[in-house]
Amino acid sequence: MTEDVRYLVLGLLAAVLGATLGWLLRSHLWKRRLRRKQAFFGLPANAESLLVVNREASGPELLVTRHDVFSLLELAALIKECGAHAQIVAHDAAQQGFGERTEFCVGNPAVHRRMAAHMHSLLPGVRVNTDPEPGPDRGAFQIGSERYRMEGGRTEYVILARLTAGQAEEARPVFLFCGQRAITNQAATRYLARHHERLARKHGNHSFALLLKVVNSQAYGPDVVELVADVTRPAQEPIPTPAPAARNSHRAK
């Protein structure tokens, strides 16, 4: 074997070894990233989850609004990436106990019984005005002494929460997408899809609740979202009144 051939063979071996090591490293990083995503969503491979939505127009069939369909598509993609499965159920048909399966609740407590129950028991410091009568406070969120009113199509709010109620590690979380309008629910699911890795780094697999503002949805749809406040507290504790210095600003710092 000549020296040139020897160098060629060594070069090929080095290239094959480098490619193999690179593939192994990428595979390891992909698997670790997948495990973190599965842990955050409580969705190990082949796990079952629930997508809980309200009925449109109170009909007997499960008819979902257009924007809530888009929300379900965002969530279904995340569930599929985790290698899990999803079942869509109506808000008044979900019978499982808390923590049995990962649950994604999409809707407003005024028309979503399951959402109303979760908000009452797990986010006692957050109030939602469910009065059907027209008025400036209709659909408003109350957090401590701060009130967040809806200006349809211009400024709207949505609660995005991951709640575990201090249960054992194997218990599955419930995710809430509680918006003032259906398009804000879609904005929250899209926010979760885009930022779940950052949220997992910040909060780990613990409970959190975020207040998001959807800006000018009439022009931009659900794409312009600002983080207004992190209202994360243990599920059993009410959220205290904000400090005076923070009361005049609704925009994220």
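What follows is a chat about a predicted model of one protein chain.

Q: Hi! To get going, how many helices and strands does the chain have?
A: Hello! This is a predicted model, and its chain has five helices and ten strands.

Q: And what share of the residues counts as buried?
A: Of the 253 residues, 42% count as buried.

Q: What about contacts, how many of them join residues at least 24 apart?
A: Taking contacts between residues at least 6 apart in sequence, 66% join residues at least 24 apart.

Q: Let's look at α4. What span does that helix have between its end C-alpha atoms?
A: Helix α4 covers residues 182-203 and spans only 26 Å between its end C-alpha atoms, whereas a straight helix of 22 residues would span 32 Å.

Q: Where is the kink in α4 centred?
A: On histidine 195, with a kink of about 70 degrees.

Q: Nice. Which residue follows α4?
A: Glycine 204 does, and its phi is positive, near 65 degrees.

Q: On to the inside. Which residues have the most contacts in the largest nonpolar core?
A: Those are Phe41, Leu43, Phe104, Leu160, Phe177 and Leu192, in a core of 27 residues.

Q: Which elements give two or more residues to this core?
A: The helices are α1 (3-41), α2 (66-81) and α4, and the strands are β1 (48-53), β3 (102-106), β7 (155-163), β8 (174-179) and β9 (208-215).

Q: Where does the largest share come from?
A: From α4, which gives five residues to this core. As background, nonpolar side chains in soluble globular proteins tend to be buried together.

Q: Take leucine 160, then. What is it in contact with, leaving aside neighbours within four places in sequence?
A: Leucine 160 is in contact with Leu176, Phe177, Ala188, Tyr191, Leu192, Leu199, Phe208, Ala209, Leu210 and Leu212.

Q: How many residues are in the second core?
A: That separate core has 24 residues, including Val89, Met115, Ile143 and Leu211.

Q: Switching to charges: how many salt bridges turn up in a search of the whole structure?
A: Twelve salt bridges are found. In general, side chains of opposite charge can pair when their charged atoms come close.

Q: What does lysine 37 meet in a salt bridge?
A: The side chain of lysine 37 meets that of glutamate 81, at 2.7 Å from N to O. Lysine 37 lies in helix α1 and glutamate 81 in helix α2, so this pair ties together parts that are 44 residues apart in sequence.

Q: Why does lysine 37 count as buried?
A: Because its relative accessibility is 14%, and the cut-off for buried is under 20%. Glutamate 81 is partly exposed, with a relative accessible area of 44%.

Q: How about glutamate 156, which residue does it form a salt bridge with?
A: With arginine 181, and the closest N and O atoms are 2.4 Å apart. Glutamate 156 is in strand β7 and arginine 181 is in the loop between β8 and α4, so the pair ties together parts 25 residues apart in sequence.

Q: Is glutamate 156 buried or exposed?
A: Glutamate 156 counts as buried, at 0% relative accessibility. Arginine 181 is partly exposed, with a relative accessible area of 36%.

Q: Which residues are linked in a network of salt bridges?
A: Glu74, Arg190, Arg194 and Asp223 are.

Q: Last topic, the rings. How many aromatic pairs are there?
A: A search of the whole structure finds seven aromatic pairs. In one of them, the rings of phenylalanine 40 and phenylalanine 41 have centres 5.0 Å apart and planes at 80 degrees, so the pair is edge-to-face.

Q: Why is the pair of phenylalanine 40 and phenylalanine 208 stacked?
A: Because their planes are at 15 degrees, with the ring centres 6.2 Å apart, and planes under 30 degrees apart count as stacked. Phenylalanine 40 is in helix α1 and phenylalanine 208 in strand β9, 168 residues apart. Both phenylalanine 40 and phenylalanine 208 are buried.

Q: And which residues form the aromatic cluster?
A: Phe40, Phe41, Phe104, Phe175 and Phe208 form one cluster.

Technical notes. Residues numbered from 1 in each chain as written. Heavy atoms only, no water. Helix = DSSP H or I, 4+ residues; strand = E, 2+ residues; numbered from the N terminus. Expected span 1.5 Å × (residues − 1). Bend = angle between axes of the 7 residues up to and from the residue. Core = buried A, V, L, I, M, F, W, Y, C linked by side-chain atoms within 4.5 Å. Buried < 20%, exposed > 50% of the residue type's maximum accessible area, 1.4 Å probe, protein only. Contact = heavy atoms within 4.5 Å. Salt bridge = Lys/Arg side-chain N within 4 Å of Asp/Glu carboxyl O. Phe/Tyr/Trp six-rings, centres within 6.5 Å; stacked < 30°, edge-to-face > 60°.
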